[in-house]
Amino acid sequence: MPKLDVRILVALGQLAKAHPLVRIAATLVTASEGELYLTHAMAPGHTPESAESARRGLDHAVALAAELGVKASPHLVEGSTVTQAIQDSVRNWDCSMLVMGWYGDVERSSILAAENRALAKSLDIDTLIFKDKGFESAAKILVPTGGGGHSLMGLQIAHDLARVWGAQLSVMRIARDKRCQPQDPILKRYCDQVLEDTQLRLRLLNIDTPIEIVPSPEVVPPIVERAADADLLVLGASNDWRQDEYLVGSIPDEIAFHSPCSVLMVRSRATTTSQLSNIFWEHTIRLDLHPKDKWEAI
């Protein structure tokens, strides 16, 4: 992220599991200049005992942020629903980023019913969703990139985390080809083009890190395989042009489900303009197509 005044709201749904969320958000505040709001939302009808327990949990989260050198403010909020309380908080404090945890299974029925999905869809801010799979520290961060807007933001987030943590950052991109024959000159040309495109994107973000281009008929298996050697996987969320209106059933969801390490899903705020890269991507382009006329091409 560029150096700017960011306001990050951390939605602490389960205060006992606050540590990785606080650490990620505090690191991003350290990498930029901003404010950190540690927030726990409660539904109406909660007991005084539960509210007191939540306050103690928030105080502990504030202490965690202080240990990382970041001043954070605790907020116990209430709304008609937990989702509504977080939405109101984001708007009241003019937050530019939301960080929250994913505590359920990464599968279709769980995602469709989850409050995380409702928040990510309803708020026009950058959103990070963290799935903890035994996260302790991150010496190695892997970013599988697809080249879209969410993926580009994921690269920047991962770079900021790696820089502050002193972690090794590596980037991979799948050159998807159904035949995937190593001696195919078309495949080699395709891989070279994907590499050049990825290098250009990293240069624009001022990121210098190794890039691996992996030719494969499938996307998920090679990423999951390489995630076994990583501590944190940073993924761009599904592109709405490619996945209709859902975040579910997509390649990032499949990767998050099968990944052996913790996953940070990144969803950038909506833009007011459309980009061709959001409509066309590598797998929709045929380099060896020789149509007789435009109708045959279509």
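Reader: In this predicted model, what share of the contacts in the protein chain with a separation of 6 or more comes from residues 24 or more positions apart?
Author: A contact here means heavy atoms within 4.5 Å. This is a predicted model, in which local features need pLDDT of at least 70 and side-chain atom pairs count only at pLDDT 80 or more, while totals for chains, interfaces and linings use all residues. Residues are numbered from 1 along each chain as its sequence is written, and side-chain values use heavy atoms, with hydrogens and water left out. Among contacts with a separation of 6 or more, the share from residues 24 or more positions apart is 80%.

Reader: Is Leu169 buried or exposed?
Author: Leu169 lies in strand E7, residues 168-176, where strands (E, at least two residues) and helices (H or I, at least four) are DSSP runs numbered from the N terminus. A residue is called buried under 20% relative accessible area, exposed over 50% and partly exposed in between, with a 1.4 Å probe and protein chains only. Because its relative accessibility is 9%, Leu169 counts as buried.

Reader: How far apart are the C-alpha atoms of Leu169 and Pro210?
Author: Leaving aside neighbours within four places in sequence, Leu169 is in contact with several residues, including Ile141, Ala158, Ile207 and Pro210. Leu169 and Pro210 are 41 residues apart along the chain, and the separation of their C-alpha atoms is 7.7 Å.

Reader: Why do the buried residues of H9 line one face of the helix?
Author: In helix H9, which covers residues 251-258, Pro252, Asp253, Ile255 and Ala256 are buried. Seen down the axis of H9, the buried residues line one face because they fall within an arc, taken from the directions from the helix axis to the C-beta atoms, of 160 degrees.

Reader: Which residues line the second largest cavity?
Author: A cavity is a set of points, on a 1 Å grid over the protein atoms alone, where a 1.4 Å probe fits but cannot get out, and lining residues have an atom within 4 Å of a point. The lining of the second largest cavity divides into four nonpolar, one polar and two charged residues, where Ala, Val, Leu, Ile, Met, Phe, Trp, Tyr, Cys and Pro count as nonpolar, Asp, Glu, Lys and Arg as charged, and the others, Gly among them, as polar. The lining residues are Lys17, Pro20, Leu21, Gly101, Tyr103, Phe130 and Asp132.

Note on methods: On a 1 Å grid over the protein atoms alone, a cavity is a set of points where a 1.4 Å probe fits but cannot get out, and a pocket is an open set with protein on both sides within 12 Å along at least five of seven lines; lining residues have an atom within 4 Å of a point.
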